Amino acid sequence: MNSEPKRKGHTPLLTDILRDEKDARAYLEGKRWPNGLVCAFGDCGSTEITRFEVKASVRKNGRHVPARSLYKCNACKRQFSVTKGTIFEDSKIPLRTWLIVAQRMCVSKKSVSALQISREFGVTYESAWFMCHRIRWAMTDKNPTKLSGTIEADETYIGGKPRGHRKHRAAKMNMSERITEAWAKKTPVFGIIERGGRVRARVMPKVSQKEIERTMFHNIDRAASRLMTDEHAIYKKIGDMLPHDVIRHNSEYVRGEVNTQNIESFWAVLKRGLVGTYHHVDAGYLAQYVAEYEFRHNTRHITDAERFSALMGQIEGRVDWYVGKQASSSEPD
Ligand SMILES: [Zn+2]
């Protein structure tokens, strides 16, 4: 299965490398600014930085703040810490724990649940959940380039299994009403995949011709691509945008090159992961889980260490630090 991440080479574990917070800060500094310190304020970017040490202290709220290095920008005169402007900013969780959890999420073949993180690292479930979501945010592709070549597109529906037969009986719902109710709880996800390449999956409020055309417009290099889909009505007019082949699932699953097996195996990995790792995924957070599986798939040919480096390259640039619910992950108009 080409969707499974590869495990190659030896990955030095941060649990062994980082002994304390001082080590963790030095490690992050090296990863963030490999060519010398840079002002962490996005509107400045000066390289005239002075490092200074701050003694350990106890804040008014009783929080113990250990001794640490801070930086002062000689251009804009502002001070900042190594976590300023990253997913680790403003957190009471030690940076060492953050880094170890981030690496853990990158080297696991499957996703890691907040419950596992909470047990393994001795943090509360809320803290673990918060960390996982910020790390998932960093996994989203910040500069997505357009997909090209032979591309498969397909849609799937996640969640909303029909449940509670007793309740349905009491409400005297017939089968068609039960099915309608179950489908109303399902969340559509639309995906496009390059044969042997990258995948892009988007949670949508509903799958419509307009939504999928917009997603394809933003994500596919139409001049250099050939599209394959099933016979769903939403793809009927897509042939106007780019060359389009249709596989008729009623009568055939594969017709030579024409098939949608790659996107279908991505859906299988995603669904198996969601069922196995998370007993319940809130539809509002589904976009982040989907982004995690997208990241895993798109980095499947590199080593665990390289995948972690790729993640560390995406920890910056967050404007809104609150990882809130997203109704969808589709492109803006
Ligand atoms: Zn500055």
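Modeller: A charge sits over a ring if NZ of Lys or CZ of Arg is within 6 Å of the ring centre and within 35 degrees of the ring normal. This is a predicted model, where local features need pLDDT of at least 70, side-chain atom pairs count only at pLDDT 80 or more, and totals for chains, interfaces and linings use all residues. Residues are numbered from 1 along each chain as its sequence is written, and side-chain values use heavy atoms, leaving out hydrogens and water.

Biologist: Over the face of which ring does Lys146 lie?

Modeller: The distance from Lys146 to the ring centre is 5.7 Å. The ring in question is that of Phe217.

Biologist: Which residue lies over the face of Phe41?

Modeller: Phe41 forms one aromatic cluster with Trp33, Tyr71 and Phe80. At 4.0 Å from the ring centre of Phe41 lies Arg78.

Biologist: How many aromatic pairs does a search of the whole structure find?

Modeller: Rings of Phe, Tyr and Trp (its six-membered ring) pair if their centres lie within 6.5 Å; planes under 30 degrees apart count as stacked, over 60 as edge-to-face and the rest as tilted. The number of pairs found is eight.

Biologist: What is the angle between the planes of Trp33 and Phe80?

Modeller: The ring centres of Trp33 and Phe80 are 6.1 Å apart. The pair is edge-to-face, with the planes at 65 degrees.

Biologist: Is Trp33 buried or exposed?

Modeller: Buried means under 20% relative accessible area, exposed over 50%, and partly exposed in between (1.4 Å probe, protein chains only). Trp33 has 9% relative accessibility, so Trp33 counts as buried.
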